[in-house]
Amino acid sequence: MSKSHFSVLVKDQSPSLEKYLKPTFHRHRVDGVLCAEILPQNMTLALGANAEYFGHAEWARLYFDACHRDQAFISRWREVVGDWDDKVVVDIGCGPGNVFASLGGRPRQLIGVDISLAGLKMAAKLGYEPLLADAQALPLRSAIADVVVMNATLHHCDDMTSVLREAARVVKPGGILVCDHDPQITAWHFQGVARLLWELRLPLYRLIHRGGHASMQEQRCGLASEVHHRPGDGLTEAFYHSVLTPIGFSTQVYPHNQTLGAAIFTGQMGRAAWKYRWAQRLSGINPNSREASLSLMCVARRLH
């Protein structure tokens, strides 16, 4: 099959998505989902773990039901996203579709990008136009989206800088990029006894069948997928500014403990669960400090 014939075939199957895609990239379809080619040498441990974890029907279902769906989350996101009706929205690392499932609305186009075929098929049932691709090399044209969202995505990616730049590239002038639920490195820098207790939690979680850790296989896969969520790793406020500000974004970063909604935009951070606060105290971290907030939310608007 020639390249030109292949392009026409894809366009006929997905006319609404085609105009947002780069004119040339290797692609195919699996179970109706458009897939950008990912070369075997580019399939890292983290990419493979994310594909496997959200490709497991039961794990993906439990994640969808439990994660990033509470009222604090909804309040934060509604405050910054506002009304996205009739807008082009790109959700990078969409998984099974939690952001749209939580916020609702009527976007003109809702594109969900992920590495997991099964997760994308779940998202498609909610109204996403699914696209299987590596977030480090998006097959999307530049400046197409009014809103780009990445919820709990960056810390799952090998090269966080490349992913953030790619996400920014897709935003239109005047559009907005929102990231949330990525760990702040200073909050998780557990040491000594705290680090030991942190490691000992893993067999305990398996014993009590805690979500995400119900078996050795699920736990190993989940931990491998969260490549930058571990003591001594994570993100900083400076990271967002260093990547986004030089390329024309007005950037604000809000540390928070996942317990507050729109109140974080007034400078409040909320209070982390006791286990995190004790681990921080044992590690010499002041749990009431800005640096101790577990997560970072970035809200960046493209100026030009």
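Two residues are in contact when heavy atoms lie within 4.5 Å. The model worked on here is predicted.

**Exercise 1. The surroundings of S295**

Task: Find which element holds S295, decide whether S295 is buried or exposed, and list the residues that S295 touches.

Solution. 
Step 1. S295 belongs to strand β9, which covers residues 295–302.
Step 2. Check the accessibility. The cut-off for buried is under 20% relative accessible area. S295 has 2% relative accessibility, so S295 counts as buried.
Step 3. List the contacts, leaving out residues up to four places away in sequence. S295 touches H181, D182 and Q184, and also Y254, P255, H256 and Q258.

**Exercise 2. The sheet**

Task: Give the strand order of the nine-stranded sheet.

Solution. 
Step 1. Recall how strands join. Strands of a sheet pair through backbone hydrogen bonds, in a parallel or an antiparallel way.
Step 2. Read the order. The sheet is open and runs β1-β2-β5-β4-β3-β6-β7-β9-β8, with mixed pairing.
Step 3. From one strand to the next, the twist averages 20°.
Step 4. Examine one pair. β1 pairs with β2 (residues 33–36) in the antiparallel sense, over four bridges. V30 has V33 in β2 as its bridge partner.

**Exercise 3. Helices across strands**

Task: Which strands does helix α7 lie across, and which does helix α8 lie across?

Solution. 
Step 1. Take α7, residues 117–126. Helix α7 lies across β1, β2, β4 (109–114) and β5 (129–132). Its direction is at about 170° to β5.
Step 2. Take α8, residues 160–170. Helix α8 lies across β3 (88–92), β6 (145–151), β7 (171–183), β8 and β9. Its direction is at about 150° to β7.

**Exercise 4. The cavity**

Task: How many cavities of 30 Å³ or more are there? What lines the largest cavity?

Solution. 
Step 1. Count. There is one cavity of 30 Å³ or more.
Step 2. Size. The largest cavity has a volume of about 340 Å³.
Step 3. Lining. 26 residues line the largest cavity, and N50, G93, D114, T153 and H156 lie nearest its centre.
Step 4. Elements. α3 (45–55), α6 (98–103) and β4 each supply at least two lining residues. α3 gives the most, with three residues.
Step 5. Classes. The lining has 13 nonpolar, nine polar and four charged residues.

Notes:
Residues numbered from 1 in each chain as written. Predicted model: local features only at pLDDT ≥ 70, side-chain atom pairs only at ≥ 80, totals over all residues. Heavy atoms only, no water. Buried < 20%, exposed > 50% of the residue type's maximum accessible area, 1.4 Å probe, protein only. Pairing = 2+ DSSP bridges. Axes fitted to C-alpha atoms, helices over the stretch in contact; angles between N-to-C directions. 1 Å grid on protein atoms, 1.4 Å probe; cavity = no way out; pocket = protein on both sides within 12 Å on 5 of 7 lines; lining within 4 Å. Points joined across faces, edges and corners; volume = space filled by probe spheres on them. Nonpolar A, V, L, I, M, F, W, Y, C, P; charged D, E, K, R; others polar.
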